[in-house]
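Please work through the following exercises with the sequence and the three-dimensional model at hand. Each task is followed by a solution in steps.

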Amino acid sequence: MKINENYSRLKDSYLFSEIAHRVQKFSAAHPDREILKMGIGDVTLPLAPAVVEAMRSAAEEMGRAETFRGYGPEQGYPFLREAIRDYYRSFGVAVSADEIFVSDGAKSDLGNILDLFDADNTVLIPDPVYPVYVDTNVMAGRRILFAEATEQNGFLPMPDKSVSADIIYLCSPNNPTGAAYSVGQLRQWVDYAKKCGALILYDAAYESFVAERGLARSIYEVEGAKECAIEFCSFSKTAGFTGTRCGYTVVPSDLIREGASLQKMWLRRQTTKFNGVSYIVQRGAQAAFSEEGRKQISKNLSVYRNNAAIICSALDRLHIWYTGGKNSPYVWLKCPGYADSFSFFDDLLEKTGVVGTPGSGFGKNGQGFFRLTAFAQEETVRKAMAEFERIFS
Ligand code: MLT
């Protein structure tokens, strides 16, 4: 028996497990200290009442012989795929229900999609970015190149003609920087991918936070993107499903590589390795798109947006450089007086009890930066920013 040696090339633990471990250790040593959690991007508001009601009634259906359901379609129930199709339509994007695959979340799909691709592909990944893209490719032993995201390019790297890649990751609005591509900028990526025959894996998990006109909610807002891009999205950040688990991936029928349909390959993969998301959860997800559900969810999103505004105005007062927060639940700031993100993390925790995420955990260009999430309770955000004012003014 031989193990996958690539695992030895990974960091010892996943970024957010490492943060949780440090916080746990601190709490154990200081049980009386209040911890102000603004680290992992985990929602804090409860599910929308329309979602809860739909799940309650689905659970009752499951308890009656006449309406009980066993295995569902691996790709997701048509009622949910059609609701997602209509959601895309509401911002002018045409995808068909057949192109939509419901899953237990974007993170799983982002990892699982790699089953479709040879290990001998070069992958281009922005730095800094959500660590899952790098880790899953390290596990598979792929060659990784980085697209440098820096303060100079507004943390939005653009295609470099001298670099050739087979698989390109884009995340917009970006985790962790909050920077979001315009449709015009994405067009340049689509043109580049088509020219070099590359496939774009587009993570749109934070699309519902896009507030400014001209910024993209989906890569399919670019004409021709269906020939070169797969899009991943999730109910986690939009509808508060981080613990409920539901997401979706769009694999267009136009995606043909080496004569093979990626959509058919993905269906083959999912029907073999995945048995679908529970009926109850899918009914809840469907309700997130109902009129009532949409209203309730947009109220929750505005609470998080308001939290981001509270963070930004405190940083403005303190003259601490930051970006994000406008089209994203994340605020990306320069560690005031620190070159090393983890030292800042440790000292901030020690002095104030505030937990954020060290920028260097997202890549080398994140060194010296720090991410705060707006997915916290308003009271926590206010207390945390009061601590910032106490320490840094
Ligand atoms: C984050 O904090 O970056 C996210 O919660 C991670 C995730 O969505 O898996």
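**Exercise 1: The setting of a lysine**

Lys237 is buried, as its relative accessible area is 13% (buried means under 20%, exposed over 50%, partly exposed in between, with a 1.4 Å probe and protein chains only). The model is predicted: local features need pLDDT of at least 70, side-chain atom pairs count only at pLDDT 80 or more, and totals for chains, interfaces and linings use all residues. Residues are numbered from 1 along each chain as its sequence is written, and side-chain values use heavy atoms, with hydrogens and water left out.

Task: Determine which residues Lys237 touches, not counting residues up to four places away in sequence.

Solution. Step 1: A contact requires heavy atoms within 4.5 Å. Step 2: By this criterion Lys237 touches Gly41, Val43, Ala205, Tyr206, Phe209, Leu301, Tyr330 and Phe375. Step 3: A polar atom of the Lys237 side chain lies 2.9 Å from the backbone oxygen of Gly41.

**Exercise 2: The ligand**

Task: State which residues surround the ligand, and how far an oxygen atom of the ligand is from the side chain N or O atom of Tyr130.

Solution. Step 1: Phe16, Ile40, Gly41, Tyr130, Asn175, Tyr206, Lys237, Tyr330 and Arg371 surround the ligand, each with a heavy atom within 4 Å of it. Step 2: For Tyr130, an N or O atom of the side chain is 2.5 Å from a ligand oxygen. Step 3: The corresponding distance is 2.9 Å for Lys237 and 2.7 Å for a polar side-chain atom of Arg371.

Notes: Polar contact = N/O pair within 3.5 Å; in protein donor to acceptor, adjacent residues only side chain to side chain.
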